[in-house]
Amino acid sequence: MKIAAISTFVRDQKFYSELPKSDVDRLNHTKKMVELLKAENVPHTFLLGYDALVSKEYQTLFLENKDENMEIGLWYEIVRQLTDKVGIDWRGEEDKNWDWHVVPGYSMAYTNEEREKLLDVAMEDFKAIFGYYPKTFASWQMDTHTLNYAYEKYGIKTAAICRDQVSIDAYTLVGGYFNGAYYPSKKNIFTPAQTNENQIDVPVFRLLGPDPIHNYDKDKYIENYKGRTDVMTMEAGWEFSQNEDRVRWMFDTYYKNENLGFSFIQLSQENPFWHHNVIPTLKMHIEILKKEYSDVQFVKMSEAGELFKKHYDSTPATSVCALNDWDTGEKIQSVYYDCKNYVANLFRCGEKIFLRAFYLFDENFEDYYLNTPCETWYAVNENLPLVDTINWEENEGALIDNVGEKFSVEKIKKGVLKASWQDKSVVFEEDAITFTKCGLTFDLKGIADKPEINGNDAVFEYKGKKYAVSANMKPEINEETLVFKPRCSKIKLTFKRF
């Protein structure tokens, strides 16, 4: 299943980077987006913020132009019009109706009782205008209680949150299911559930179509285009996605390379980016997909959720495989393997093959804001780190081979991905990773706490939660490294949660 969802986020407030006195331009830009998507005749979604929802101009625009290709959903940021109607004091700047900081702009800034009241008003006003509750419910960040409430009370079909990013805007999301969709834990929107009884039965999609090489650490590995790129996503307002060669590279990476049966990219851009060449760029994306990727299906966001739910009753294993680099060619490869138990990023740069990121998922690892409001200007969503070379910048990851050649990848059975080079390989399965004829050395500099060795287990602890990787041999540890040496040419890692 290969799908693309054109989803445009609509505000009626000045964006913090937007030009002054831009209300008319923003509305006119949104009208042109509607015209483009009508002309292209593809399914698409407009997600309305509450400020746009209650605007007569935006109501008229969407009510007059709604057709079978257009879905209207809810983009859920907390704005002053909403808090005023609920009767909650506005905690943003007095002269602004919207604030990009978590307090007051996102749901985790409020108590659970306030979260329910805010969502009730937004949903009822949406229904009063459009005649139904929205099927798609999305925001850059969202707390778990609000998602579960939206699903149980209003029957949303699809949810969506931001891609992984670190200290951008007012939020950090790191160590999540890289792309596509997953069923979250009832305790943590950012963590796939391991069991059906503990999962929220609405798929959460990751937004923006991130570059699987450079999204993680921006220009660290850039050589030829250093300083000439900004946000490494398919957002139509940024220079990265306005280059046709890079766009084709992204589409090849997501749709032609191995994905284990499911691939997804969200396209478009929030409407305050009206001055960023969005419309011709989105038109280019659509027409390339139409002409060159005929097996990719355009869907509304709610349809993406319904298709996902039809095919999967629990979070599947998927992959995103960048087998070359749009900047450095053959020098870099990056493979993300996601499943309900973990996410791992296999990375090759030059001759070195290593895990650049590796996070364990635990459905009992609670969202920091599950029952307690966020009181800071930013919020954090994360999972349990085993390897992270961005938050701990001195950390060099988990070395697999320092004389590695270019690897190939293949699906060897359902949910199982194999990367091979020379006579060596790494096989990713949902409950294990097997390394053949290569080593595995974790760089421990700075990453979480130094693990304890208990038999064949390396036991980690992060923010009060214990978890372990277990192998078919006892690991060796010193001040800077955790080493697994092959037994009978193989290292097999499995996972434990305590």
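A residue counts as buried when its relative accessible area is under 20%, as exposed when that area is over 50%, and as partly exposed in between. Keep those cut-offs in mind while walking through this predicted model.

Start with Leu-208. Its relative accessibility is 4%, so Leu-208 counts as buried. Leu-208 sits in the loop that runs between β11 (204–206) and α8 (244–256). The backbone here deserves a look. Leu-208 has a positive phi of about 90°, yet it is not a glycine.

Lys-437 also has a positive phi, about 60° in this case, and is not a glycine either. Its loop lies between β24 (432–436) and β25 (440–443). Lys-437 has a relative accessible area of 44%, so it is partly exposed.

Next come the prolines. The peptide bond that leads from Val-103 into Pro-104 is cis, with omega near 20°. Pro-104 belongs to helix α5 (residues 102–105). Pro-280 is part of another element, helix α9 (residues 278–292). With a relative accessible area of 46%, Pro-280 is partly exposed. Pro-280 and Gln-242 are 38 residues apart along the chain, and their C-alpha atoms are separated by 8.8 Å.

Asn-188 and Gln-199 are 11 residues apart along the chain. Their C-alpha atoms are separated by 9.3 Å.

Now the cysteines. A disulfide is a covalent bond between the sulfur atoms of two cysteines. For a pair to count here, the two sulfur atoms must be within 2.5 Å. By this rule the model has zero disulfides. Take Cys-321 as a worked case. The closest cysteine sulfur to its own is that of Cys-339, 14 Å away, which is too far for a bond. Cys-374 is in no disulfide either, since the nearest cysteine sulfur, in Cys-162, is 16 Å away. Cys-321 has a relative accessibility of 0% and so counts as buried. Cys-374 is buried too, with a relative accessible area of 4%.

Charged side chains give a longer story. A salt bridge is counted when a side-chain nitrogen of Lys or Arg lies within 4 Å of a carboxyl oxygen of Asp or Glu. By this rule there are 33 salt bridges. One of them joins Lys-96 and Glu-93, at 3.8 Å from N to O. Lys-96 has 38% relative accessibility, so it counts as partly exposed. Glu-93 is partly exposed as well, with a relative accessible area of 39%.

Asp-143 and Arg-115 form another salt bridge, and their closest N and O atoms are 2.9 Å apart. Asp-143 lies in the loop between β4 (136–138) and α7 (144–154), while Arg-115 lies in helix α6 (residues 112–130). The pair therefore ties together parts that are 28 residues apart in sequence. Asp-143 is buried, and Arg-115 is buried too.

Asp-457 pairs with Lys-496 in a further salt bridge, with the closest N and O atoms 2.9 Å apart. This pair links distant parts of the chain, 39 residues apart. Asp-457 is in strand β27 (residues 457–462), and Lys-496 is in strand β31 (residues 490–497). The two ends of this bridge fall into separate accessibility classes. Asp-457 counts as buried because its relative accessibility is 9%. Lys-496 is partly exposed, with a relative accessible area of 35%. Salt bridges can also share partners, as they do among Glu-40, Lys-283, Glu-287 and Lys-290, which are joined into one network.

Finish at the surface. Lys-66, Lys-135, Lys-157 and Lys-309 gather there in a patch of positive charge. Lys-309 lies in helix α10 (residues 301–311).

Key
Residues are numbered from 1 along each chain as its sequence is written. This is a predicted model: local features need pLDDT of at least 70, side-chain atom pairs count only at pLDDT 80 or more; totals for chains, interfaces and linings use all residues. Side-chain values use heavy atoms; hydrogens and water are left out. Buried means under 20% relative accessible area, exposed over 50%, partly exposed in between (1.4 Å probe, protein chains only). Patches are made of residues with over 30% relative accessible area and no salt bridge: like charges are joined within 9 Å, nonpolar side chains (Val, Leu, Ile, Met, Phe, Trp, Tyr) within 5 Å. Accessible areas come from the Shrake-Rupley method with a 1.4 Å probe; for residues, only the protein chains shown count as cover. Lys and Arg count as positive and Asp and Glu as negative; His and the chain ends are not counted. The place of a charge is taken as NZ of Lys, CZ of Arg, CG of Asp or CD of Glu. Helices (H or I, at least four residues) and strands (E, at least two) are DSSP runs, numbered from the N terminus.
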